[in-house]
Amino acid sequence: MFDLLRAFHRPSTVAAALRLFAAERRSGGRGRFVAGGTDLVVAGDRSLRYLVDLSRLPLRYVKRRGGGWAVGATSTMADLEHAAALRALADGILAEAAGTAGSPQIRNMGTVGGNLANASPACDLAPPLLALDASVVIAGRGRRTVPLARFFKGVHRTALDGDLLVEVVIPAPPKTAGGRAAWSFQKLGRLQSDIAVVNAAAGVVVAKDGRCTWARIALGAVAPTPLRARRAEALLVGRPFDRAAIEAAAGRAAQETRPVTDVRATAAYRREMSRVLVARALTECLERAGRSR
Amino acid sequence: MNQLVIAVTVNGEARRWTVAPGDLLLDVLRREGYWGVKKGCETGECGACAVLLDGAPINSCLMFAAQAEGRNISTIEGVAERDRLDPVQEAFLDHGAVQCGYCTPAMVLVTEALLARSPHPSEAEVREALGGVFCRCTGYKKPVEAVLAAAAARAAPSKPRAAKGAPAKRAAGRKGARR
């Protein structure tokens, strides 16, 4: 399938990877960075003439940084799924999402950077990372940090522009000021490990008086890019976090989607399931915050 | 074409391969005689091509051979010790977990990885571990039973049995075993 590929570069530093990619780009022909290969190989693009392999770069790590976390771009889904630091973060929603990103073999191959850079609307890591206010660090001429919400530009389109996603940065979770933070990840697929028909993540801070003081709701597979349901979030903040608020926010979130009909589901079904999954996510947050009533 | 020479370890043995930039690991393994690595969907879904890369299951149809440089690969050919089957292979025979056999090498390998990581897996863990290898002959009941039995056998090892030379005895002596 890749018989027309004429070069496979195996750099061991980010600088060398960028240099090789830039040199190939100048000499013409199409090429890509490759890591786990789980999207690139399946896509089978026969116009590719060179690949720059990222698997030797020192980017496979999950570590604390400041009050937050830094995840290297070539960390695999399995790395995230099993990282103790991430299982303890935000009720484990990022580790949980990584654990649904394909079969065990796929999760041993597919990387965080690839999952985001591929920019599938159904990307499983995007909803939890959006809910966590994550950013990506991009290396090119210099380094820049881009909030994930501004990284996705369309279906399979990102802000990378030939540069390299090297790290995901997750800031410290919101201050709870004596209240409780609670999080949830939800995914609807034929099986848990299948591509999502809809996926969703939510995070809330519930103050001691039962009011929601902070909220994040993110959805995938219901628009050209993973999205934050900002109007639904705004509905929650400042009000008692209860079943009525959850129903109202879930309905509003569904209105913020722009789903398509495809082989997996109709647009109408995706919109309705957006409502259902956001309601489930917020209900789980309510239970986890210990304020069911 | 700019050929690449890569050094890999396959089933504990050092190998040097000359590969093309676009060669996939699955195709190179089969070219090199590891025919137990099966070619199925070639899109990473069926898992028939699974091998262990540094002990972890991966689908060799999705990996470029050049990416295997310096890595340890385990295939089904390395599981039995000479003519002595591994307890996992024995359990698959004992429990009738093999029909056409196409998915069996991958099932055995993902089981080896599971038991190395989790010697006493729950049934849910077993189903999760086998979930990336599709069997189109039958269900997954017998493979799941086989893996649970292999885990139990490892916990209390009995005397090993010869793999070759006694096929009639095997077929006659085992509950549910079919050739």
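Helix 11 of chain A runs over residues 243–255, and its 13 residues should span 18 Å at 1.5 Å a residue; the end C-alpha atoms are 19 Å apart, which agrees. The model is predicted.

Seven names make up the buried part of helix 11 of chain A: Ala245(A), Ile246(A), Ala249(A), Ala250(A), Arg252(A), Ala253(A) and Ala254(A). An α-helix has 3.6 residues a turn, so residues three or four places apart point the same way. The cover over the buried residues of helix 11 of chain A includes strand 13 (212–220), helix 10 (230–236) and helix 12 (267–288) of chain A.

| Strand | Partner strand | Sense | Bridges |
|---|---|---|---|
| Strand 4 (residues 62–65) of chain A | Strand 5 (residues 68–72) of chain A | antiparallel | 4 bridges |
| Strand 5 of chain A | Strand 10 (residues 164–170) of chain A | antiparallel | 4 bridges |

Arg64(A) has Trp69(A), in strand 5 of chain A, as its bridge partner. The hairpin of strand 4 and strand 5 of chain A has 2 residues between the strands, and Gly66(A) takes a positive phi near 60° there. For Gly72(A), the bridge partner in strand 10 of chain A is Glu167(A).

The contact between the chains takes 20 residues from chain A and 24 residues from chain B. On the side of chain A that touches chain B, strand 1 (7–9), helix 2 (40–43) and helix 6 (104–109) of chain A each supply at least two residues. Helix 6 of chain A gives the most to that side, with 5 residues. By class, the residues of the side of chain A that touches chain B are 9 nonpolar, 7 polar and 4 charged.

Conventions:
Residues numbered from 1 in each chain as written. Chains lettered and ligands numbered in written order. Predicted model: local features only at pLDDT ≥ 70, side-chain atom pairs only at ≥ 80, totals over all residues. Contact = placed C-beta atoms within 7 Å. Nonpolar A, V, L, I, M, F, W, Y, C, P; charged D, E, K, R; others polar. Expected span 1.5 Å × (residues − 1). Buried ≥ 20, exposed ≤ 12 C-beta atoms within 10 Å, placed from the backbone. Pairing = 2+ DSSP bridges.
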